[in-house]
Amino acid sequence: MELFINLTLFFMLVVTALAILRMRHLFAVVALSGVFSLLCALLFVTLDAVDVAFTEAAVGAGISTVLLLGTMALTARNEKMPRSFSPVPLLVVVATGAVLIYGTLDMASFGSALSPAQTHVAAQYLERTPTDMGIPNVVTAVLSSYRGFDTLGEVVVVFTAAVGVLSLIGGLGRRRYKKEEAQE
Amino acid sequence: MFAVAAIALFIGMILVLIRLYAGPTLYDRVLAGNAFGTYTVLFIGNLGFLMGRPDFLDIALLYALINFVGTIAILKYFRYRAIGDTSPTPRGTPTANGKLKDQGYKS
């Protein structure tokens, strides 16, 4: 059953990716990319990585969709047809994919007890979280206490990015309103 | 029984994907995206019971919230042409003669 679920989810993922490539209507592309990240989140859930899945859904289906829509407000609704076929983007994508697959070759297999993630400090985290923090969720304990400064840095980065994007989009919107008022 | 439900959810997801790809109007696509989010919520709930560990049911609730907020953002974008700052007046709504707008700025 698990194999069937994984196969169906991957099938839908590939179909969605091909549909994104073929579509010219940009809003449909935005909606399909949201569906793509929801499918990724479902695959993460089947791998028991619920936290990663939740981040993927919040960032991919939530924030990215809104940001892409905000970008679409500044550009056209439809993609222009390319004049001629250029092989460079295809080559870049294939090369990047090949490098990524090459990188997974010497990774430990899924759920292996000998993988570096299991042998390093994870065992200590699992042992000490109930006495140190007294909460049942080890991931939360690692993120907010054992690696608290790391998480603080990430929050600063995300906050800076959000402020930058908001100032870009909000500033453009306000300028447009002013222009309209001048015209009126 | 949960396996049958999972298969039914998959069929529904594929139908919604077809609607998202083919859908002639914009609102078909908005609705299809929202429906796919709902299918995700249902599938996460179903998967917990299928694997015998229904601990992740509360996470499905958070997906429902994201889905709702996302759909509101999309509809707001199509209504007001912007997402962040929608003051002073939305585009497309008739403003009487400009006086209304000025009052809004002063007060």
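Trainee: How many salt bridges are there between chain B and chain A?
Mentor: This is a predicted model. A salt bridge needs a side-chain nitrogen of Lys or Arg within 4 Å of a carboxyl oxygen of Asp or Glu. Between chain B and chain A, the count is zero.

Trainee: How many salt bridges does the rule give over all chains, and which residues form a salt bridge in helix 6 of chain A?
Mentor: Over all chains the count comes to one salt bridge.

Trainee: How much area do chain B and chain A bury between them?
Mentor: The contact takes 41 residues from chain B and 43 residues from chain A. Carbon and sulfur atoms carry 77% of the buried area. The total is about 3,800 Å².

Trainee: Which residues in chain B lose the most area to chain A?
Mentor: Three residues stand out on that side. Together they make up 15% of what chain B buries. They are Phe10(B), Tyr21(B) and Tyr63(B).

Trainee: Are helix 2 of chain A and helix 1 of chain B roughly parallel or roughly antiparallel?
Mentor: Their axes are 10 Å apart, and the angle is about 160°. Angles over 145 degrees count as roughly antiparallel. So helix 2 of chain A and helix 1 of chain B are roughly antiparallel.

Trainee: What classes of residue make the contact of helix 2 of chain A with helix 1 of chain B?
Mentor: Helix 2 of chain A brings Ala28(A), Ala31(A), Leu32(A), Val35(A) and Leu42(A). Helix 1 of chain B brings Met13(B), Leu17(B) and Leu20(B). By class, that gives no polar, no charged and eight nonpolar residues.

Trainee: Is the crossing of helix 1 of chain B and helix 2 of chain B left-handed or right-handed?
Mentor: Helix 1 covers residues 2–22 of chain B, and helix 2 covers residues 26–50. They pack at about 165°, with axes 9 Å apart. They are therefore roughly antiparallel to each other. The crossing is left-handed.

Trainee: How many charged residues are in the contact of helix 2 of chain B with helix 3 of chain B?
Mentor: The axes of these helices come within 9 Å and cross at roughly 175°. The two helices are therefore roughly antiparallel. Their contact includes Leu26(B) of helix 2 and Phe78(B) of helix 3. It has 13 nonpolar residues, eight polar and, as for charged, none.

Key. Residues numbered from 1 in each chain as written. Chains lettered and ligands numbered in written order. Predicted model: local features only at pLDDT ≥ 70, side-chain atom pairs only at ≥ 80, totals over all residues. Heavy atoms only, no water. Axes fitted to C-alpha atoms, helices over the stretch in contact; angles between N-to-C directions. Helix = DSSP H or I, 4+ residues; strand = E, 2+ residues; numbered from the N terminus. Parallel < 35°, antiparallel > 145°, perpendicular 65-115°, else oblique. Left-handed = near helix turned anticlockwise from the far one by under 90°. Contact = heavy atoms within 4.5 Å. Buried area = accessible area lost by both parts, 1.4 Å probe. Nonpolar A, V, L, I, M, F, W, Y, C, P; charged D, E, K, R; others polar.
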